[in-house]
Amino acid sequence: MSDAANNAAVPAAPNGAAGTPAPVAVDLAALLAGSQVTQVLDQLDELIGLLPVKARIREIAALLLVERARKQLGLAGSSPSLHMSFTGNPGTGKTTIALRMAEILHRLGYVRKGHLIAVTRDDLVGQYIGHTAPKTKEVLKKAMGGVLFIDEAYYLYRPENERDYGQEAIEILLQVMENQRDDLVVIFAGYADRMATFFRSNPGMSSRIAHHLDFPDYSPEELEAIARRMLTTLDYRLSASGLEALHEYIPLRMRQPHFANARSLRNALDRARLRQANRLFASPAREITREQLMTIEGEDIRASRVFA
Amino acid sequence: MRITQGAFSFLPDLTDAEVRAQIEYALAQGWAIGVEYTDDPHPRNFYWEMWGNPMFDLRDAAGVMAEVLACRTEHPRHYIRVSAFDSRRGFETTRLSFMVNRPSDEPGFLLKRHEVGGRQIQYTIESYATQAPEGRRYP
């Protein structure tokens with residue numbers, strides 16, 4: 001406790017069980033600056049789209065900050081439940097946001113190390129009797145002090161097989177989520193409708209998850225912006241014809257089955273780079289300029305099967 | 001007689017917070033951690049029983065502490081130690097090992113003098129505790 005805070009305390013107010021008079025004011029801005037959480041939030045804003053998610057994360061960050069301020073003033077407060085569920089279609093940025101979330105929680109002091117362990121059913125559920133508990137516990141131990149990200153969490157629960165070991169993993173998870181709230185934060189992720197079924201069949205799980213974040217699909221404009229940013233980070237750029245081709249490509253690809261938002265786009269760009277390399281290789285020119293190496297032309301994109 | 005094996009054994013017993021800090025240090029060095037227990041305090045008894053599997057790739061001491069506490073609950077009157085294994089080339093060995101639990105009453109050792117040819121004496125030690133069968137050594 002700083003001297004300034006001590007001086008600000010009113011001596012007549014004997015609140016706070018510790019005996020020392022609690023300070024009556026706390027500088028929220030200083031707390032915010034001290035936690036350096038704004039940097040992560042600003043980085044979050046650089047992500048394209050995801051407006052409701054970003055708003056929600058700001059709310060959570062504000063809550064956690066206020067909770068910390070309350071704690072400093074000796075006000076009653078239980079350690080807030082921080083377990084979350086991220087629902088949304090594939091490629092909508094759930095893992096990316098989970099990484100940022102781990103960083104935010106770390107900076108606000110709600111997890112000690114701030115690392116993210118991403119697992120799926122295979123990492124938690126064993127293959128024979130007595131295999132599941134040690135496996136789940138091992139993963140939980142690795143995640144202690146950080147965030148455990150369970151992708152496609154609904155696979156843990158298989159109602160069609162009553163002897164499925166997934167239930168055992170769920171029970172251990174629930175126990176740790178409840179008893180060791182200070183040690184780790186669990187994030188469940190998956191498609192919205194299947195997660196809803198999962199939570200319906202595991203009411204204990206649903207009630208222990210404080211924050212449900214729904215990840216919307218990207219609009220074509222957002223996808224285009226994402227694609228351009230991906231290319232920029234890789235030192236590529238689109239020619240005018242390439243830009244036009246991409247503009248046509250995105251709505252076509254969105255109608256295809258198994259469309260996975262940003263991930264599909266990344267794969268499409270990887271294929272375009274492949275074709276660009278091929279085109280350069282086949283070209284009769286002896287010398288290839290820096291410009292040519294960087295440019296993806298319309299034909300590289302238009303060779304895709306979605307235009308067929 | 002107080003058994004002194006491993007690091008810190010000449011110090012007063014480590015508190016849980018101190019144990020935790022040591023584990024944090026070991027994890028920060030990238031060492032794998034194992035929890036072991038025994039009720040045979042002989043100094044040449046190197047291979048203690050393992051409490052679960054060794055723990056690799058942990059980032060925080062909370063997981064190890066949970067195992068230590070679980071082992072203590074199960075074996076409150078055994079010797080329990082935490083050992084940290086360094087897998088880096090050139091070491092590939094235990095870098096740190098310290099006791100985190102010991103029986104409240106340690107009866108000590110009997111020094112045996114064995115007279116052999118020419119009245120030469122061979123010495124050996126035997127823990128009084130090991131005179132009782134395993135599991136019943138520390139009441």
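Biologist: In which sense do strand β3 and strand β4 of chain A pair, and over how many bridges?

Modeller: In general, strands of a sheet pair through backbone hydrogen bonds, either parallel or antiparallel. In this predicted model, β3 (residues 147-151) and β4 (residues 185-190) of chain A pair in the parallel sense, over 5 bridges.

Biologist: In what order do the 5 strands of the open sheet in chain A stand?

Modeller: The order is β2-β3-β4-β1-β5, with parallel pairing. At the edges are β2 (116-119) and β5 (211-215) of chain A, each of which pairs on one side only. From one strand to the next, the twist averages 20°.

Biologist: How does one read the packing of two helices, for instance where α7 and α8 of chain A pack?

Modeller: Helix α7 (residues 132-143) and helix α8 (residues 166-179) of chain A pack at an angle of about 40°, and their axes are 9 Å apart. This angle makes α7(A) oblique to α8(A). Their crossing is right-handed. On the side of α7(A), Thr132(A), Ala133(A), Thr136(A), Lys137(A) and Leu140(A) take part, and they meet Glu168(A), Ala169(A), Ile172(A), Leu173(A) and Val176(A) of α8(A). By class, this contact has 6 nonpolar, 2 polar and 2 charged residues.

Biologist: At what angle do the axes of α11 and α13 of chain A cross?

Modeller: The axes of α11 (residues 220-233) and α13 (residues 261-282) of chain A cross at roughly 45° and come within 10 Å. Therefore α11(A) is oblique to α13(A). The crossing in which α11(A) passes α13(A) is right-handed. From α11(A), the contact involves Leu223(A), Ile226(A), Ala227(A), Met230(A) and Leu231(A); from α13(A), it involves Ala262(A), Leu265(A), Arg266(A) and Leu269(A). By class, the contact of α11(A) with α13(A) has 8 nonpolar residues, no polar ones and 1 charged residue.

Biologist: Is the pairing in the open sheet of chain B parallel or antiparallel?

Modeller: The pairing is antiparallel, and the 4 strands stand in the order β2-β1-β3-β4. The edge strands of this sheet are β2 (49-50) and β4 (93-101) of chain B. Strand β1 (residues 32-38) is joined to strand β3 (residues 79-86) of chain B by 7 bridges, and β1(B) is joined to β2(B) by 2 bridges. Glu36(B) stands opposite Arg81(B) in β3(B) and opposite Met50(B) in β2(B). Helix α1 of chain B, residues 16-28, lies across β1, β3 and β4 of chain B, at about 165° to β4(B).

Biologist: How many residues of chain B are in contact with chain A?

Modeller: There are 7 residues of chain B in contact with 10 residues of chain A. The chain B side of this contact divides into 3 nonpolar, 1 polar and 3 charged residues.

How values were computed. Residues are numbered from 1 along each chain as its sequence is written. Chains are lettered from A and ligands numbered from 1 in the order in which they are written. This is a predicted model: local features need pLDDT of at least 70, side-chain atom pairs count only at pLDDT 80 or more; totals for chains, interfaces and linings use all residues. Two strands pair if DSSP finds at least two bridges between them. Axes are lines fitted to C-alpha atoms, for helices over the stretch in contact, and angles run from 0 to 180 degrees between N-to-C directions. Angles under 35 degrees count as roughly parallel, over 145 as roughly antiparallel, 65 to 115 as roughly perpendicular and the rest as oblique. A crossing is left-handed if the near helix is turned anticlockwise from the far one by less than a right angle, and right-handed if clockwise. Two residues are in contact if their C-beta atoms, placed from the backbone, lie within 7 Å. Ala, Val, Leu, Ile, Met, Phe, Trp, Tyr, Cys and Pro count as nonpolar, Asp, Glu, Lys and Arg as charged, and the others, Gly among them, as polar.
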